[in-house]
Amino acid sequence: MTTYTARPIDPTVLKELRSADDAGRRMVPVLDKEGGAPLRCCLRRSDPGERIALVSYAPLRRWAAETGAQPGAYDEQGPVFIHAEECAGPAAGSGYPFANAHRTVRRYSAEGHILGGELAGTLDDAFQRAFDDPSVALVHVRAVEYGCFLYEVQRPKLSPSGV
């Protein structure tokens, strides 16, 4: 079985978002008194007392800028929680983040157009079904409750031997 990698928001992008988010607003840090916010910088839930921020993020727009895709109307932005200061990123080998709830796996083509999605029972199975379709370039894992972007999974790269 193929192993899929949950990709946090890139540290360079996080630095930009901490200055001005994808809606052009300045970051407003807050002290998270309760904890539990899904942090997209390190792909874990916040701890009580951490400084976090809710910023507007356009994941498909950012991906399209790297790849030359033209998502058109599928370019959307939404709220994501991040640490207010730089963090160490995800812990190695931590599995799929935020997997303890229903998730939607939304599929996108290399052009940045949505190809459909599904309510994921098992994330590995949903990723396998998505990438069995050769027209799928990447998927977004989203929260069912609010539709918020959680993280991206890209098509696995083949090794030089083709495996």
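Q: Which residues of helix H2 (residues 59–67) are buried?
A: The buried residues of helix H2 are Pro-59, Leu-60, Arg-62, Trp-63 and Ala-64. Buried means under 20% relative accessible area, exposed over 50%, and partly exposed in between (1.4 Å probe, protein chains only). Helices (H or I, at least four residues) and strands (E, at least two) are DSSP runs, numbered from the N terminus. Residues are numbered from 1 along each chain as its sequence is written. The model is predicted: local features need pLDDT of at least 70 and side-chain atom pairs pLDDT 80 or more, while totals for chains, interfaces and linings use all residues; side-chain values use heavy atoms, without hydrogens or water.

Q: What covers the buried residues of H2?
A: The cover is read from contacts, meaning heavy atoms within 4.5 Å. For H2 it includes H1, strand E4 (50–57), strand E6 (103–108), E8 and E9. Just after H2, Gly-68 adopts a positive phi of about 85 degrees.

Q: In what order do the elements of the protein run from the N terminus on?
A: The protein has three helices and nine strands. From the N terminus on, their order is α-β-β-β-β-α-β-β-β-α-β-β. Along its principal axes the C-alpha trace spans about 45 × 35 × 30 Å. Of the 163 residues, 41% count as buried. Among contacts between residues at least 6 apart in sequence, 61% join residues at least 24 apart.

Q: In what order do the four strands of the open sheet lie?
A: Strands of a sheet pair through backbone hydrogen bonds, either parallel or antiparallel. Here a pair requires at least two DSSP bridges between the strands. The open sheet has the order E7-E6-E8-E9, with antiparallel pairing. Strand E7 (114–120) and E9 are the edge strands, each pairing on one side only. From one strand to the next the twist averages 20 degrees. E8 and E9 run antiparallel and are joined by five bridges; Val-141 stands opposite Tyr-151 in E9.

Q: Which strands of the sheet do H2 and H3 touch?
A: Directions are compared through axes, lines fitted to C-alpha atoms (for helices over the stretch in contact), with angles from 0 to 180 degrees between N-to-C directions. H2 packs on the sheet by touching E6, E8 and E9, and its direction makes about 165 degrees with that of E8. H3 also packs on the sheet, touching E6, E7, E8 and E9, and its direction makes about 15 degrees with that of E6.

Q: Which residues touch the most other members of the largest nonpolar core?
A: In soluble globular proteins, nonpolar side chains tend to be buried together. A nonpolar core is a set of buried Ala, Val, Leu, Ile, Met, Phe, Trp, Tyr and Cys residues joined through side-chain atoms within 4.5 Å. The largest has 18 residues, and those touching the most other members are Val-105, Phe-127, Phe-131, Val-139, Tyr-151 and Val-153. Helix H3 (123–132), strand E8 (138–143) and strand E9 (149–154) each supply at least two residues of this core. With five residues, H3 gives the most. A second, separate core of 17 residues includes Val-13, Val-80, Ile-82 and Ala-84.

Q: With which residues is Val-105 in contact?
A: Neighbours within four places in sequence are left aside. Val-105 then contacts Gly-116, Gly-117, Glu-118, Ala-120, Leu-123, Ala-126, Phe-127, Val-139, His-140 and Val-141.

Q: Why is E4 largely enclosed by the rest of the structure?
A: E4 is largely enclosed because six of its eight residues are buried. Strand E1 (residues 30–32) pairs with E4 in the antiparallel sense over three bridges, and Leu-31 has Arg-51 of E4 as its bridge partner. Strand E5 (residues 78–83) also pairs with E4 in the antiparallel sense, over six bridges. Within E5, His-83 stands opposite Ile-52.

Q: Is Ser-46 buried or exposed?
A: Ser-46, in the loop between strand E3 (44–45) and E4, has a relative accessible area of 5% and is therefore buried. Not counting residues up to four places away in sequence, Ser-46 touches Asp-32, Gly-35, Gly-36, Ala-37, Leu-39 and Ile-52.

Q: Where is the place of Ala-6?
A: Ala-6 is in the segment before helix H1 (11–19). Its relative accessible area is 16%, so Ala-6 is buried. Leaving aside neighbours within four places in sequence, Ala-6 contacts Leu-43, Pro-97, Tyr-151, Glu-152 and Val-153.
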